[in-house]
Amino acid sequence: IMNSHAIMNKQYKYIFRATTEYQRRGEQSYPYAADLEQLYDIQVDPDEQYNLLDGLTLTDTYLQDILFDFRVKMWNYIRKDVCLSANIADCIVPAVTYIPPWSNWDPEFTCDRIINYTHTEPK
């Protein structure tokens, strides 16, 4: 599969494809090969036959949280390690459409940004 990247942990494998271009060889083996995003539970589905994102709803917060984690990791990986463009905005990254209430993730935050912090001594 062209222009694709994967991140795995012990239970899940996340695949992100930056384009729809791919070599048509694996449709019989991998029914979701054409999907731009794929998430597999490799403990239950080691052959990657069921994309957990197929039919994912916003009410499924457990999977939404897992997807958020993988999207942010992929977003950072592509922007920091893969993107060759002089303009980082030209690089295609996953759309982070859901941010869990427990997260303070901000796509605009970089280590280069100055944070104004004033320390106040306790009384």
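1. Buried means under 20% relative accessible area, exposed means over 50%, and partly exposed falls in between, with a 1.4 Å probe and protein chains only. By that cut-off, the buried residues of α1 are Leu63, Gln64, Ile66, Leu67, Phe68, Phe70, Arg71, Val72, Met74, Trp75 and Ile78.

2. Basis of the note. This is a predicted model, where local features need pLDDT of at least 70, side-chain atom pairs count only at pLDDT 80 or more, and totals for chains, interfaces and linings use all residues. Residues are numbered from 1 along each chain as its sequence is written, and side-chain values use heavy atoms, with hydrogens and water left out.

3. Helix length. Helices (H or I, at least four residues) and strands (E, at least two) are DSSP runs, numbered from the N terminus. Helix α1 covers residues 61–82, 22 residues. The expected span is 1.5 Å times one less than the number of residues.

4. Sheet. Three strands form an open sheet in the order β1-β2-β3, with antiparallel pairing. β1 and β3 are the edge strands, each pairing on one side only. The twist averages 15 degrees from one strand to the next; axes are lines fitted to C-alpha atoms, for helices over the stretch in contact, and angles run from 0 to 180 degrees between N-to-C directions. Pairing requires at least two DSSP bridges between two strands. β2 and β3 have 5 bridges, in the antiparallel sense. Tyr12 stands opposite Asp41 in β3.

5. Helix on sheet. The buried residues of α1 pack against β1 (4–8), β2 (12–17) and β3 (37–41). Contact means heavy atoms within 4.5 Å. Take Met74: leaving aside neighbours within four places in sequence, Met74 is in contact with His5, Ala6, Ile7, Tyr14, Phe16 and Pro94.

6. Cores. A nonpolar core is a set of buried Ala, Val, Leu, Ile, Met, Phe, Trp, Tyr and Cys residues joined through side-chain atoms within 4.5 Å. The largest has 15 residues; Tyr12, Tyr14, Leu39, Ile66, Phe70 and Met74 touch the most other members. β2 and α1 are the elements that give two or more residues to this core. α1 gives the most, with 6 residues. Another core, of 5 residues, lies apart from it, and includes Phe68, Val72, Trp75 and Trp105.

7. A backbone point to check. Which residue other than glycine has a positive phi, near 55 degrees? Glu48 does. Glu48 sits in the loop between β3 and α1. Glu48 is buried, at a relative accessible area of 12%.
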